[in-house]
Amino acid sequence: MTHEVIRIPLMAMSPGTERSLLVHRFGASGARPKAYLQAGIHADEIPGLLVLQHLLGQLMAADAAGDIPGEIIVVPFANPIGLGQRFRGQDRQDGPDPKPLIGSIDEPPGADD
Ligand SMILES: [Zn+2]
């Protein structure tokens, strides 16, 4: 079994609270071929969240059978901050989608502002 869940901390909403981005990795880090899948970067686009939840179960079964030859990264909720701003299917505030508070080495958060 190679499945690993990586929890990347995000900025907290208030002191004493926590938020994180969950990343699922299957296979060996750096192995090829590599696939990256994410859902919900726009928090109001719900179908992808459901699809990746089902895919995670299938990937766990494939992983247990040793059937993942490369590396697969799955981020099933790519915008947990945006999800937290929805209540009963409605945005809690007007305005553009919030930007993720994480970035890469090449593109830090807010680099495109
Ligand atoms: Zn979208």
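Four strands form an open sheet with mixed pairing, in the order β1-β2-β4-β3. Strands are DSSP runs of E of at least two residues, helices are runs of H or I of at least four, and both are numbered from the N terminus. Two strands count as paired if DSSP finds at least two bridges between them. β1 (4-10) and β3 (34-38) stand at the edges with a single partner strand each, so one side of each lacks a neighbour in the sheet. The twist averages 20° from one strand to the next. β2 (residues 19-27) pairs with β4 in the antiparallel sense over four bridges. Arginine 25 stands opposite isoleucine 73 in β4.

The model is predicted; local features need pLDDT of at least 70, side-chain atom pairs count only at pLDDT 80 or more, and totals for chains, interfaces and linings use all residues. Residues are numbered from 1 along each chain as its sequence is written.

Overall, the protein has two helices and six strands. Their pattern along the sequence is β-β-β-α-β-α-β-β. α1 lies across β2, β3 and β4, and runs at about 150° to β4. Axes are lines fitted to C-alpha atoms, for helices over the stretch in contact, with angles from 0 to 180 degrees between N-to-C directions.

The largest nonpolar core has nine residues, including Phe26, Leu59, Ile72 and Val74. Such a core is a set of buried Ala, Val, Leu, Ile, Met, Phe, Trp, Tyr and Cys residues joined through C-beta atoms within 7 Å. Buried means 20 or more other C-beta atoms within 10 Å of a residue's own, placed from the backbone. α1 (47-64) and β4 (71-75) each give two or more residues to this core.

Note on methods. Buried ≥ 20, exposed ≤ 12 C-beta atoms within 10 Å, placed from the backbone. Contact = placed C-beta atoms within 7 Å.
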